[in-house]
Amino acid sequence: MAPGPRALLYQLRSLLRRREVDVWYDTAYRLPLSGLEFAGVEPRRADFAAWWLWESKAVAHPWWRTPRRISYADLSRLHTPQLLESLSRPETLAGVFGVDPSDVPVDEVMRTVRLAAGATLEGAREALRRRKPALNLLGGFHHAGPASAGGNCAVNDIGVAVATLRAEGFQGKVAVLDMDAHPPDGVALSLANDPDHWIGSLSASDWGSLPGVDETLLPPGTGDVEYLEALKALLGRMPRAELYFVIAGGDVLKGDKMGRLGLTLAGARLRDAAVVGHLGLSSAVWLPGGGYTANAWKVLAGTGMALATGSLDPIPEDYDPLATRFAGIARGLQVDLLSDAGELTDDDLAESLGMRPQRQRLLLGFYTAAGMEHALQQFGILDQLARLGYEHFRIEFDRAGPGERVRIFGEADGREHLLVETVVERRRVEGHPVLYVHWLSLRNPRAQFSERRPRLPGQDVPGLGLAREAGEMLALMALRLGLTGVAYRPAHYHTAFPSRDHFYFPDPQRQGRFEAMVRDLGDLDLLVATRAVDEGRVSLNGEPYAWEPDEMVFWLREPPAEPGEVAHERDRARFTVAPPPAAAPEAERP
Ligand SMILES: [Zn+2]
């Protein structure tokens with residue numbers, strides 16, 4: 001959270017209200033699957049929620065708990081040996097998470113899954129021991145059954161926790177309240193033979209009747225008021241139990257790719273507050289379940305706030321968890337560890353003129369390769385690359401055409417691969433000094449293109465899934481170098497589209513056309529849209545339209561004024577898309 005009066009007020013209110021709740025979290029909760037965003041999942045959801053709960057002071061320091069991986073002995077209490085055996089194959093995990101098998105580092109994916117299941121079990125033990133709620137920022141894998149995995153659920157953490165507690169002698173009643181948008185088919189299978197349990201669910205997907213589940217099927221698009229009424233009725237039927245599991249699904253939001261409900265963020269918070277009020281000081285483990293919108297992390301963070309402070313305050317609209325987190329890390333980086341200069345000078349000029357041949361190369365006259373590696377470590381980038389299967393990283397700087405090139409190499413499968421390549425330069429755009437990015441390529445050469453993860457124009461191998469982190473780091477580099485913005489020249493619609501919230505074309509007419517294009521093509525799948533543009537099937541006001549690769553700038557200091565010209569051009573421009581000629585696009589692909 002950026003320091004300021006509003007942030008301080010937020011923190012003060014949190015401090016006054018908060019009550020004890022254990023929050024289980026690990027940085028390895030981020031699944032090491034570089035193609036996950038293609039499957040519609042935000043892999044940083046637990047991180048974003050944890051950072052918010054930490055920075056808003058909703059959750060106090062001693063309540064943060066670090067999970068341990070669940071043992072295979074505990075997993076075996078519920079799951080069949082065949083299922084557990086199959087989870088050691090990339091093909092099985094690829095099917096569970098909707099990615100390509102080449103994208104699956106089995107041990108690291110299973111580490112994420114086992115950490116989450118370990119926390120659900122340990123959270124339940126602690127909740128029982130100390131009669132208080134626990135929140136696990138990953139879990140509620142309610143589609144996995146004893147012999148089946150699927151729907152982002154490799155194992156059933158609730159079923160494993162219950163089976164383990166039973167083996168340890170726990171005899172009390174267990175209640176599972178499932179508020180994910182989908183029915184708890186795997187929980188029903190997992191608890192089928194449990195002697196004393198109840199399962200209740202609110203969902204909007206009709207998967208037929210589930211034996212042993214008190215299921216309320218809501219019509220698609222059900223909004224806050226009707227949902228909260230149905231929840232009240234379900235809570236009225238829920239029996240008293242010694243231990244509760246609450247799946248506070250993030251896929252209840254309107255517009256979710258998978259869920260069919262229509263709640264607002266405020267409605268999701270009221271949902272959680274209602275359950276917190278109903279359960280009081282019972283032993284309960286709260287889990288996030290699914291969530292497939294950009295705001296799904298706010299549902300999870302909101303669950304934490306409902307538990308820890310009872311707050312119904314919305315998370316500020318303009319709070320960007322990644323930008324805030326990275327800016328905080330950047331403030332903590334010591335300048336002398338990044339650079340051998342200590343402070344910013346014009347040494348780059350001296351070096352580029354050959355006046356200082358004896359010194360080592362500095363990127364943009366400032367960063368040493370060692371300093372860059374240190375920063376990449378602090379931002380968590382090297383850890384994530386390691387989880388994707390690379391090691392022994394090496395960073396190289398050199399000159400390349402008009403700019404300076406940074407390359408990050410890593411070893412895998414017995415050889416070195418190029419993972420990141422960028423060419424940057426200080427340059428003036430519209431009279432302002434900016435960090436000009438000539439080229440940025442994030443490469444995961446171990447992964448392969450597939451039906452699930454098609455090749456985008458301009459890609460030679462699949463990406464790393466780290467584009468947002470790279471963008472934040474470039475912005476922070478520009479700030480540290482005293483520059484006023486970051487600029488690049490998107491060669492394709494799909495490279496401009498993700499920048500649409502922060503980057504602007506300086507030419508107002510060009511910006512107006514781009515905004516019209518986002519308006520008219522925004523509902524299409526990004527791959528479909530970018531292929532249509534690249535294949536010349538897009539028309540502007542009835543005339544064939546070719547993509548205009550022009551500079552876009554992210555102004556770090558002051559936002560650009562929006563001249564009337566932008567709106568005028570945006571309203572004038574109408575984009576339409578013709579269907580692809582039969583079979584032709586397929587034939588062109590390698
Ligand atoms: Zn779901």
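The chain exposes about 25,400 Å² of surface, of which carbon and sulfur atoms supply 53%; such accessible areas come from the Shrake-Rupley method with a 1.4 Å probe, and for residues only the protein chains shown count as cover. The model is predicted, so local features need pLDDT of at least 70 and side-chain atom pairs count only at pLDDT 80 or more, while totals for chains, interfaces and linings use all residues. Residues are numbered from 1 along each chain as its sequence is written, and side-chain values use heavy atoms, with hydrogens and water left out.

**Overall fold**

- The secondary structure of the chain comes to 22 helices and 17 strands, these being DSSP runs numbered from the N terminus (helices H or I of at least four residues, strands E of at least two).
- The radius of gyration, taken over C-alpha atoms, is 26 Å, close to the 25 Å that the globule rule gives for 590 residues, so the chain is as compact as a globular protein of that length; the rule is 2.2 Å times the number of residues to the power 0.38.
- Along its principal axes the C-alpha trace spans about 80 × 60 × 55 Å, and 57% of the 590 residues count as buried (buried means under 20% relative accessible area, exposed over 50%, and partly exposed in between, with a 1.4 Å probe and protein chains only).
- Among contacts (heavy atoms within 4.5 Å) between residues at least 6 apart in sequence, 72% join residues at least 24 apart.

**Zinc site**

- The protein donors of the zinc ion are Asp180 (OD), His182 (ND1) and Asp251 (OD), at 1.9 to 2.2 Å from the ion; donors are N, O and S atoms within 2.8 Å of the metal (3.2 Å for Na, K and Ca), and water is not among the atoms, so sites may look incomplete.
- His182 lies in the loop between strand E4 (174-178) and helix H8 (185-190), and Asp251 in the loop between strand E7 (243-247) and helix H10 (265-279), so this pair ties together parts that are 69 residues apart in sequence.
- Both His182 and Asp251 are buried, and the spacing of the donor residues in sequence is D-x1-H-x68-D.

**Met179, in the loop between E4 and H8**

- Met179 is placed in the loop between E4 and H8 and counts as buried because its relative accessibility is 0%.
- The C-alpha atoms of Met179 and Ser201, 22 residues apart in sequence, are 6.0 Å apart in space.
- Leaving out residues up to four places away in sequence, the contacts of Met179 include Leu202, Tyr227, Val246, Ile247, Arg271 and Asp272.

- Val423 is found in strand E11 (residues 415-429) and counts as buried, at 8% relative accessibility.
- Beyond its neighbours within four places in sequence, Val423 is in contact with residues including Ala400, Arg405, Tyr436 and Trp439, and its C-alpha atom is separated by 9.3 Å from that of Ser441, 18 residues apart along the chain.
- Glu430 sits in the loop between E11 and strand E12 (432-442) and, at 56% relative accessibility, counts as exposed.

**Backbone angles**

- Most residues other than glycine have a negative phi.
- Glu430, although not a glycine, has a positive phi of about 55°.
- His392, in strand E9 (residues 391-400), has a phi near 50°, a positive value in a residue other than glycine.
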